[in-house]
Every structure is written in structure tokens, then in C-alpha cells.
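Me: I would like to learn how to read the features of a protein model, going from a single side chain to the whole chain. Could you take me through them one at a time?

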Amino acid sequence: MAKIQPLAAAASPSSSDDQRSQQAYTVWMKLLVFNGNGCTVYGPDGAVAFRVDNYGCRGGREVFFMDREGNSLIRIRRKGFGMFRRWEVCRCAHNGGQEEEATPWFSVRRAEKGGAAVAMHGGTGTCYTIDGCSARKSEYRVRGVDGAVVAEVARKQTPAGVVLGDDVLTLTVAPEVDHLLFLGLVVVRGLINRSL
């Protein structure tokens, strides 16, 4: 398997314990399979942690987010047309090699000012917002209902200060949230901008 070098955690002396325990993932918006459409996610240790494949053409209607063994963790489906387009995300459960069951988890739709709104299944309204879903920007933030940043995506930068290409991103996630949810949001944002 491919492995990348993780960045050393550099915390400033004024950082709180929460900031030091944040996890950073590297998201490469390319699939390791030749001529595939999807992306590869590297964990904090530098090893491949997850992969995304849509088993079809770029911008397909259905995408699978899998662990390194190829087990589907979440399924993302595009629904609706035009301004009513939304992305439905389901969590997959494995029952001993049989057919996978998918439980509705959350949905994402475009919002005002180039953003997106995230609503949990069975919830009452928006619980997260994505600032900056513009195709021209690689950097964006995910905010909770209270406006606090819970995840941030930026172009990856090497320890020497070299900024890598637009397709290599760093996802920094707060420690108290479900990391799989925010990794799924990165994939949905790629689908919104047709980069997957």
C-alpha cells in the first residue's frame, strides 16, 4: 500500500488541549487505481485509511466510501435536479458478508453564498454548514450550529513550506466529532464541484 509521511504536529504554546488532539487526514482527490474516479484518504499515520470510488464516470449518481479492505462504510447518492439537487448519505452495515444494509445518515444541499447545508436524518433543520463550496477554492470550513469551526480543509503544505497541488488537501477535524461524517462531507463537496 502507498504511504505518505505525516506532518509533525506543531502546536503553539498558547494552544489548548483540544487543538493538540485534533486529527489531520490527507485527502488526495485521485484514486490509486489507474484511470479511476474517486479519491484516497491517508490517516494521521501516513497509511491509506479510506478510498472513494464511484465505479463509473466522473460525477456519477452513486459513490462508495470504503475502508482499506474495501468494505463500504458510507454510500452517497445524488438526488433531484437543478436547484433541488441534494446528496443523501447512508451508513453501511455489514452482516457477515451478506448484502449490506444502508441506514440514512445525513443529507447535503446547496445553500446561499456558495455554501452547503447539512441536515442529519430525523433531525430538525441544518446542523452543519460548509463555507466556501465554490469550485475555485480548495480551502473551506465546516461550522456547527453555534458557528464554531469543527473541521477545516486546506491545501496540503510540506514541512518546508511548499504548497502542494489543488488535489492534495489536509482535513483537520476536532476531536469530539465523528471523523467519518466530515470525511464524507469532503467527498460530497467534491461531488458538488464535480471534482470526483
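Me: Does Y128 count as buried or exposed, and why?

Reply: This is a predicted model, and burial is read from relative accessible area, where a value under 20% means buried. Y128 has a relative accessibility of 18%, so Y128 counts as buried.

Me: How is the ring pair of Y128 and F182 arranged, and why is it described that way?

Reply: Planes over 60 degrees apart count as edge-to-face. The ring centres of Y128 and F182 are 5.2 Å apart and the planes meet at 80°, so this pair is edge-to-face. Y128 belongs to strand 9 (residues 128-131) and F182 to helix 2 (residues 179-192), so that the pair links distant parts of the chain, 54 residues apart. F182 is also buried, at a relative accessible area of 1%.

Me: How many aromatic pairs does the whole structure hold?

Reply: The search finds 3 aromatic pairs. One of them joins F50 and F65, a tilted pair with 5.1 Å from centre to centre and 35° between the planes. Because F50 lies in strand 3 (residues 48-53) and F65 in strand 4 (residues 62-67), this pair ties together parts that are 15 residues apart in sequence. Both F50 and F65 are buried.

Me: Where does the charged end of R91 sit?

Reply: A ring can also have a charge over it, and here the charged end of R91 sits over the ring of W105, 4.1 Å from the ring centre.

Me: Which elements make up the protein chain?

Reply: The protein chain has 2 helices and 12 strands, and of its 196 residues 42% are buried.

Conventions. Residues are numbered from 1 along each chain as its sequence is written. This is a predicted model: local features need pLDDT of at least 70, side-chain atom pairs count only at pLDDT 80 or more; totals for chains, interfaces and linings use all residues. Side-chain values use heavy atoms; hydrogens and water are left out. Helices (H or I, at least four residues) and strands (E, at least two) are DSSP runs, numbered from the N terminus. Buried means under 20% relative accessible area, exposed over 50%, partly exposed in between (1.4 Å probe, protein chains only). Rings of Phe, Tyr and Trp (its six-membered ring) pair if their centres lie within 6.5 Å; planes under 30 degrees apart count as stacked, over 60 as edge-to-face and the rest as tilted. A charge sits over a ring if NZ of Lys or CZ of Arg is within 6 Å of the ring centre and within 35 degrees of the ring normal.
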